[in-house]
Amino acid sequence: MGLEVKILGLRYTVGRVEILKGVSAGFPEGEITCVVGPSGAGKSTLLRAVNRLIEPAAGEVYLDGSPTSGMDPLLLRRRVGMVFQLPALFGVTVEDAILYGARLAEKDADAVRLLEMVGLDPLLGRKDPQTLSVGQQQRVSIARALALEPEVLLTDEPTSALDEASRRRIEDLIRELNTRLELTIVLVSHALDQVERVADRVVLLVAGRSEGEWSKEEFFSGECGERARLFISGRL
(Lines give C-alpha, C1' and ligand atoms only; values in the text may rest on other atoms or scores of the structure.)
Protein backbone atom coordinates (compact mmCIF):
# COMPACT_ATOMS: atom_id res chain seq x y z
CA MET A 1 0.00 0.00 0.00
CA GLY A 2 1.16 3.52 -0.75
CA LEU A 3 1.27 6.52 1.53
CA GLU A 4 -0.07 10.04 1.16
CA VAL A 5 2.68 12.65 0.84
CA LYS A 6 2.00 16.28 1.78
CA ILE A 7 4.44 19.14 1.24
CA LEU A 8 3.90 22.46 3.04
CA GLY A 9 5.90 25.65 2.50
CA LEU A 10 9.12 24.00 1.35
CA ARG A 11 12.07 26.34 0.81
CA TYR A 12 15.57 25.49 -0.37
CA THR A 13 18.44 27.87 -1.08
CA VAL A 14 21.85 27.42 -2.70
CA GLY A 15 24.08 30.38 -1.92
CA ARG A 16 21.87 33.40 -2.53
CA VAL A 17 19.60 31.62 -4.99
CA GLU A 18 16.28 30.35 -3.67
CA ILE A 19 15.43 27.19 -5.64
CA LEU A 20 12.19 26.30 -3.86
CA LYS A 21 10.09 29.26 -2.76
CA GLY A 22 7.51 27.95 -0.35
CA VAL A 23 6.29 24.95 -2.39
CA SER A 24 3.13 23.21 -1.19
CA ALA A 25 1.70 20.15 -2.94
CA GLY A 26 0.06 16.81 -2.30
CA PHE A 27 0.71 13.35 -3.70
CA PRO A 28 -2.37 11.20 -2.94
CA GLU A 29 -2.05 7.66 -1.66
CA GLY A 30 -1.87 5.04 -4.40
CA GLU A 31 -1.90 7.52 -7.30
CA ILE A 32 0.63 8.62 -9.90
CA THR A 33 1.36 12.33 -9.67
CA CYS A 34 3.41 13.96 -12.42
CA VAL A 35 5.42 17.06 -11.50
CA VAL A 36 5.87 19.31 -14.52
CA GLY A 37 7.24 22.76 -15.25
CA PRO A 38 9.81 24.66 -17.31
CA SER A 39 13.53 23.89 -17.00
CA GLY A 40 14.88 25.28 -13.73
CA ALA A 41 11.50 25.20 -12.02
CA GLY A 42 12.83 23.11 -9.10
CA LYS A 43 11.22 19.77 -9.97
CA SER A 44 14.25 17.56 -9.26
CA THR A 45 15.11 19.59 -6.18
CA LEU A 46 11.61 18.98 -4.84
CA LEU A 47 12.00 15.20 -5.17
CA ARG A 48 15.35 15.30 -3.39
CA ALA A 49 13.80 17.28 -0.56
CA VAL A 50 11.00 14.72 -0.18
CA ASN A 51 13.62 11.98 0.13
CA ARG A 52 15.88 14.13 2.34
CA LEU A 53 18.80 13.89 -0.05
CA ILE A 54 18.83 17.62 0.62
CA GLU A 55 17.56 19.39 3.71
CA PRO A 56 15.12 22.28 3.13
CA ALA A 57 15.64 25.61 4.85
CA ALA A 58 11.97 25.77 5.83
CA GLY A 59 8.74 23.87 5.43
CA GLU A 60 7.87 20.24 6.04
CA VAL A 61 7.14 16.99 4.23
CA TYR A 62 4.57 14.65 5.78
CA LEU A 63 4.08 10.91 5.23
CA ASP A 64 0.51 10.00 6.18
CA GLY A 65 0.52 13.01 8.50
CA SER A 66 3.90 12.34 10.16
CA PRO A 67 6.65 14.95 9.61
CA THR A 68 9.73 13.48 7.93
CA SER A 69 12.11 15.98 9.54
CA GLY A 70 12.10 13.87 12.71
CA MET A 71 12.68 10.56 10.91
CA ASP A 72 15.99 8.77 10.43
CA PRO A 73 16.92 9.67 6.80
CA LEU A 74 18.04 6.11 6.01
CA LEU A 75 14.80 4.63 7.30
CA LEU A 76 12.86 7.29 5.38
CA ARG A 77 14.62 6.33 2.12
CA ARG A 78 13.60 2.72 2.59
CA ARG A 79 9.98 3.85 2.70
CA VAL A 80 10.38 6.46 -0.04
CA GLY A 81 12.40 4.98 -2.91
CA MET A 82 14.13 7.02 -5.60
CA VAL A 83 14.87 6.34 -9.27
CA PHE A 84 17.14 8.85 -10.98
CA GLN A 85 17.35 10.11 -14.54
CA LEU A 86 20.47 8.06 -15.29
CA PRO A 87 20.92 4.62 -13.70
CA ALA A 88 24.03 4.23 -11.54
CA LEU A 89 24.45 0.54 -10.77
CA PHE A 90 26.93 -0.95 -8.32
CA GLY A 91 28.25 -4.50 -8.19
CA VAL A 92 29.82 -7.18 -10.34
CA THR A 93 26.49 -8.66 -11.42
CA VAL A 94 22.97 -7.42 -12.02
CA GLU A 95 21.91 -9.36 -8.93
CA ASP A 96 24.48 -7.43 -6.88
CA ALA A 97 23.12 -4.17 -8.28
CA ILE A 98 19.52 -5.04 -7.43
CA LEU A 99 20.32 -6.19 -3.90
CA TYR A 100 22.79 -3.38 -3.13
CA GLY A 101 20.46 -1.33 -0.92
CA ALA A 102 18.67 -4.33 0.53
CA ARG A 103 21.96 -5.82 1.71
CA LEU A 104 22.98 -2.55 3.34
CA ALA A 105 19.62 -2.50 5.10
CA GLU A 106 20.02 -6.20 6.06
CA LYS A 107 16.73 -6.91 4.34
CA ASP A 108 15.93 -10.14 2.51
CA ALA A 109 15.06 -9.68 -1.16
CA ASP A 110 14.71 -12.05 -4.12
CA ALA A 111 16.56 -10.78 -7.20
CA VAL A 112 14.82 -13.28 -9.49
CA ARG A 113 11.37 -12.12 -8.38
CA LEU A 114 12.40 -8.48 -8.74
CA LEU A 115 13.76 -9.02 -12.26
CA GLU A 116 10.48 -10.66 -13.24
CA MET A 117 8.56 -7.81 -11.61
CA VAL A 118 10.26 -5.24 -13.87
CA GLY A 119 9.92 -7.42 -16.97
CA LEU A 120 13.49 -8.68 -17.30
CA ASP A 121 14.77 -12.23 -17.85
CA PRO A 122 15.99 -13.64 -14.52
CA LEU A 123 19.08 -14.99 -16.33
CA LEU A 124 20.28 -11.39 -16.63
CA GLY A 125 21.03 -11.55 -12.90
CA ARG A 126 24.39 -13.17 -13.67
CA LYS A 127 25.49 -10.51 -16.16
CA ASP A 128 27.67 -7.43 -15.66
CA PRO A 129 25.17 -4.55 -15.31
CA GLN A 130 27.32 -2.37 -17.57
CA THR A 131 26.63 -4.74 -20.50
CA LEU A 132 22.89 -4.01 -20.39
CA SER A 133 21.16 -1.43 -22.53
CA VAL A 134 20.27 1.87 -20.85
CA GLY A 135 16.62 0.83 -20.84
CA GLN A 136 17.46 -2.46 -19.11
CA GLN A 137 19.69 -0.63 -16.63
CA GLN A 138 16.82 1.69 -15.76
CA ARG A 139 14.61 -1.32 -15.09
CA VAL A 140 17.32 -2.72 -12.83
CA SER A 141 17.44 0.59 -10.94
CA ILE A 142 13.67 0.35 -10.44
CA ALA A 143 14.11 -3.23 -9.19
CA ARG A 144 16.77 -1.99 -6.76
CA ALA A 145 14.32 0.57 -5.36
CA LEU A 146 11.57 -2.07 -5.09
CA ALA A 147 13.89 -4.43 -3.18
CA LEU A 148 13.35 -2.25 -0.10
CA GLU A 149 9.55 -2.54 -0.48
CA PRO A 150 8.93 1.21 -0.50
CA GLU A 151 5.51 2.75 0.03
CA VAL A 152 6.32 5.74 -2.19
CA LEU A 153 8.44 5.72 -5.36
CA LEU A 154 9.98 8.96 -6.63
CA THR A 155 11.12 8.92 -10.27
CA ASP A 156 13.13 11.82 -11.71
CA GLU A 157 12.71 11.87 -15.52
CA PRO A 158 13.45 8.12 -15.68
CA THR A 159 12.89 7.91 -19.46
CA SER A 160 14.70 11.02 -20.71
CA ALA A 161 17.79 9.05 -21.84
CA LEU A 162 15.78 6.30 -23.56
CA ASP A 163 14.57 5.68 -27.09
CA GLU A 164 10.84 5.72 -27.77
CA ALA A 165 10.31 1.97 -27.43
CA SER A 166 12.20 1.78 -24.12
CA ARG A 167 10.41 4.88 -22.91
CA ARG A 168 7.01 3.29 -23.50
CA ARG A 169 8.08 0.11 -21.69
CA ILE A 170 9.10 2.10 -18.61
CA GLU A 171 5.81 4.02 -18.72
CA ASP A 172 3.88 0.73 -18.88
CA LEU A 173 5.95 -0.61 -16.00
CA ILE A 174 5.20 2.45 -13.85
CA ARG A 175 1.47 2.05 -14.44
CA GLU A 176 1.69 -1.69 -13.73
CA LEU A 177 3.58 -1.19 -10.46
CA ASN A 178 1.11 1.45 -9.36
CA THR A 179 -1.79 -0.94 -10.00
CA ARG A 180 -0.21 -4.15 -8.69
CA LEU A 181 1.52 -2.76 -5.59
CA GLU A 182 -0.79 0.23 -4.98
CA LEU A 183 2.34 2.36 -4.80
CA THR A 184 2.20 6.11 -4.51
CA ILE A 185 4.37 7.24 -7.45
CA VAL A 186 5.74 10.70 -8.21
CA LEU A 187 7.11 11.19 -11.71
CA VAL A 188 9.04 14.28 -12.79
CA SER A 189 8.59 14.65 -16.53
CA HIS A 190 9.25 17.24 -19.22
CA ALA A 191 7.11 15.40 -21.81
CA LEU A 192 3.42 16.26 -21.80
CA ASP A 193 2.54 13.26 -23.96
CA GLN A 194 4.05 11.04 -21.27
CA VAL A 195 2.14 12.87 -18.54
CA GLU A 196 -1.11 12.34 -20.45
CA ARG A 197 -0.44 8.60 -20.71
CA VAL A 198 0.76 7.99 -17.16
CA ALA A 199 -0.56 10.56 -14.68
CA ASP A 200 -3.55 10.49 -12.36
CA ARG A 201 -2.73 14.00 -11.11
CA VAL A 202 -0.46 16.85 -12.22
CA VAL A 203 1.47 19.40 -10.12
CA LEU A 204 2.92 22.46 -11.86
CA LEU A 205 6.08 24.22 -10.64
CA VAL A 206 7.25 27.50 -12.13
CA ALA A 207 10.40 29.31 -10.95
CA GLY A 208 10.41 27.45 -7.63
CA ARG A 209 6.75 28.06 -6.84
CA SER A 210 3.79 25.68 -6.89
CA GLU A 211 1.23 26.99 -9.36
CA GLY A 212 -1.46 24.40 -8.64
CA GLU A 213 -2.42 20.75 -8.84
CA TRP A 214 -5.20 19.11 -10.82
CA SER A 215 -6.49 15.79 -12.03
CA LYS A 216 -5.05 14.82 -15.41
CA GLU A 217 -8.44 15.47 -17.00
CA GLU A 218 -8.67 18.98 -15.53
CA PHE A 219 -5.10 19.78 -16.56
CA PHE A 220 -5.44 18.78 -20.21
CA SER A 221 -8.99 20.06 -20.67
CA GLY A 222 -7.89 23.59 -19.75
CA GLU A 223 -9.71 23.66 -16.39
CA CYS A 224 -6.39 24.42 -14.73
CA GLY A 225 -5.71 28.15 -14.54
CA GLU A 226 -3.92 30.56 -16.84
CA ARG A 227 -0.35 29.63 -15.86
CA ALA A 228 -0.94 25.94 -16.59
CA ARG A 229 -2.59 26.76 -19.91
CA LEU A 230 0.44 28.85 -20.86
CA PHE A 231 2.74 25.97 -19.95
CA ILE A 232 0.73 23.45 -21.98
CA SER A 233 0.81 25.79 -24.99
CA GLY A 234 4.60 26.18 -24.72
CA ARG A 235 4.42 29.89 -23.90
CA LEU A 236 5.75 29.58 -20.34
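Predicted model: local features only at pLDDT ≥ 70, side-chain atom pairs only at ≥ 80, totals over all residues.
Reader: Why is Arg-78 called partly exposed?

Author: Arg-78 has a relative accessible area of 29%. Buried means under 20% and exposed means over 50%, so Arg-78, at 29%, is partly exposed. Arg-78 has its place in helix α2.

Reader: What makes Leu-148 a contact of Arg-78?

Author: Contact means heavy atoms within 4.5 Å, and Arg-78 touches Leu-148 as well as Ala-105, Glu-149 and Pro-150, residues up to four places away in sequence not being counted. The C-alpha atoms of Arg-78 and Leu-148 are 5.7 Å apart in space, although the two residues are 70 residues apart in sequence.

Reader: Which residues have the most contacts inside the largest nonpolar core?

Author: They are Ile-98, Val-140, Ile-142, Leu-146 and Phe-219, in a core of 46 residues. A second, separate core has 28 residues, including Phe-27, Ala-41, Ile-54 and Leu-63.

Reader: Which residues of α3 are called buried, and against what do they pack?

Author: In α3, Val-94, Ala-97, Ile-98, Leu-99, Gly-101 and Ala-102 are buried. The buried residues of α3 pack against α4 and α5. After α3 comes Glu-106, with a positive phi near 55°.

Reader: What makes up the lining of the largest pocket?

Author: The lining divides into 15 nonpolar, four polar and three charged residues. The largest pocket holds about 570 Å³ of space. Its lining has 22 residues, and the closest to the centre are Arg-77, Tyr-100, Gly-101, Arg-144 and Leu-148. Arg counts as charged and Gly as polar, whereas Tyr and Leu count as nonpolar. Two or more lining residues come from each of α2 (73–79), β6 (80–83), α3 (94–104) and α5 (134–146).

Reader: How do the residues that line the second largest pocket divide?

Author: They divide into seven nonpolar, no polar and three charged. The second largest pocket holds about 160 Å³ of space. Of its ten lining residues, Met-117, Leu-146, Glu-149, Pro-150 and Leu-181 are the closest to the centre. Glu counts as charged, while Met, Leu and Pro count as nonpolar. Helix α4 (residues 111–117) gives the most to this lining, with three residues.

Key. Residues numbered from 1 in each chain as written. Heavy atoms only, no water. Core = buried A, V, L, I, M, F, W, Y, C linked by side-chain atoms within 4.5 Å. Buried < 20%, exposed > 50% of the residue type's maximum accessible area, 1.4 Å probe, protein only. 1 Å grid on protein atoms, 1.4 Å probe; cavity = no way out; pocket = protein on both sides within 12 Å on 5 of 7 lines; lining within 4 Å. Points joined across faces, edges and corners; volume = space filled by probe spheres on them. Helix = DSSP H or I, 4+ residues; strand = E, 2+ residues; numbered from the N terminus.
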